Amino acid sequence: MKQKIKEYVQTKLPGIIELRRALHKIPETGFNEVKTSSFIARTLEQAGFEVTTGIAKTGVTALLKGNGPGKTLLLRSDIDGLPIAEETGLPFASTHPGFMHACGHDGHIAILLGTALILKELKNQFSGQIKFVFQPAEEGPGGAKLMIEEGVLDNPKVDYALGLHLWASIPENKIALKAGPLMAAMDRFDLDIIGKGGHGAMPHLCKDPVDAAAQVINTLQRVVSRQMNPLSPTVVTIGTIQGGTAFNIIPDKVHLSGTTRTLDKEVWKGWESRLEPMINGVCTAAGVKYKLDYQPGYPPLINDSAVTEIARQAAAETVGSENVIEAEATMGGEDMAFYLEQVPGCYAFIGIGTPGCAPHHNSHFAFNEEVLGTGVKYLCNLVMEISNARNC
Ligand SMILES: [Zn+2]
Ligand SMILES: [Zn+2]
């Protein structure tokens, strides 16, 4: 079967690259993936799939039945691009000014479409069924949660969720896997610090929100350094600070926004109750008011150990065991975590890294498209391994 899959991928790779290039030209941001989603639906329909559109606004799904009863596997690709002006100079560069597939999601779509086309031809070789899920808005505000709310894990009920990300910090054609926590829970918070403005020369007549903001920023790092277990990584980052109009005016208000990260589900649930008292303490002492808007984001992404073991076999069949490496956990977030919160599964990194290559979310981001074949082979091998495994 491994050989058969290899041959199919070899034959279909030029077509898969064409799909990726067509998608690369039309990047659209989260929940605006109108052209992208109709491209996906059209490609699947032309291959004879029955397609459901409009899930989570721009999501697309298709179901493929194997040769008899068995497990239902969800295979997921994200489909959104980013608000970045492309500077790759590629002949198939973005035709949407100011927008770019700079994270590789165009590659993910092409990989999943390629996988769907090949598995359709191999449907007598596996049992159960495959649910292909093309999900909007991974980069934000998050489409996975909405897809689950709209029933993507039901009818038929999904047993396992699988996915991958092309990954620039891993050398090309290596596959990196890790059981347990792989990516961080990711929240956002917005904080208004409200004081009383006035002349910069007369701070005693004001309540200075800039000074309070400076202390809040410092104090929030104390949550990480003094309250969290140092063996369990956590991050608090303030990403924006806005306030003031002139060098000699104390403003009325300062706005901060930031993000928290953790790989631990318990820590994730407790962030707000740790940050808020620290902010309260500083603001009370400074005599200013505050408004904290804490918005929980994606849960930590946790891979199931048994499924990850099977994924290792599939990866070894794809690139050879010497090219299957242990993934390092990252504090980046990923809404694939929502599926993996509900059902066991595995999220993998497919290496696209070359010396000096541009990182994800960079206007020069690009990768060798041969890697798309690696992604397709891996997913096809994985479906065969899981569908035909007895004890999974
Ligand atoms: Zn990204
Ligand atoms: Zn991404």
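Asn173 sits in the loop between strands E5 and E6, the latter covering residues 175-177. In this predicted model, the backbone of Asn173 has a positive phi of about 70 degrees, although the residue is not a glycine. Is Asn173 buried or partly exposed? The count of other C-beta atoms within 10 Å is 18, and a residue needs 20 or more to be called buried but 12 or fewer to be called exposed, so Asn173 is partly exposed.

You will find Ala137 in the loop between E4 and H4. Because Ala137 has 25 C-beta neighbours inside 10 Å, this residue counts as buried.

Pro141 lies between strand E4, residues 129-135, and helix H4, residues 144-149. The peptide bond that joins Gly140 and Pro141 is cis, with omega at about 0 degrees. If you move past H4, you reach Pro156, in the loop that runs between H4 and strand E5, residues 160-171. Which form does the bond from Asn155 to Pro156 take? This peptide bond is cis, with omega near -5 degrees.

Now step back to the chain as a whole. The domain assignment gives domain 1 as residues 2-182 + 300-387, and domain 2 as residues 185-298. Taken over C-alpha atoms, the centres of domain 1 and domain 2 are separated by 37 Å. Where the two meet, ten residues of domain 1 are in contact with twelve residues of domain 2. On the domain 1 side of this contact, six residues are nonpolar, two are polar and two are charged.

The last stop is Asp190, which belongs to strand E8, spanning residues 185-194. Which residues does Asp190 touch, leaving aside those up to four places away in sequence? They are Ser257 and Asp293.

Conventions. Residues numbered from 1 in each chain as written. Chains lettered and ligands numbered in written order. Predicted model: local features only at pLDDT ≥ 70, side-chain atom pairs only at ≥ 80, totals over all residues. Helix = DSSP H or I, 4+ residues; strand = E, 2+ residues; numbered from the N terminus. Contact = placed C-beta atoms within 7 Å. Domains from an automatic or database assignment. Nonpolar A, V, L, I, M, F, W, Y, C, P; charged D, E, K, R; others polar.
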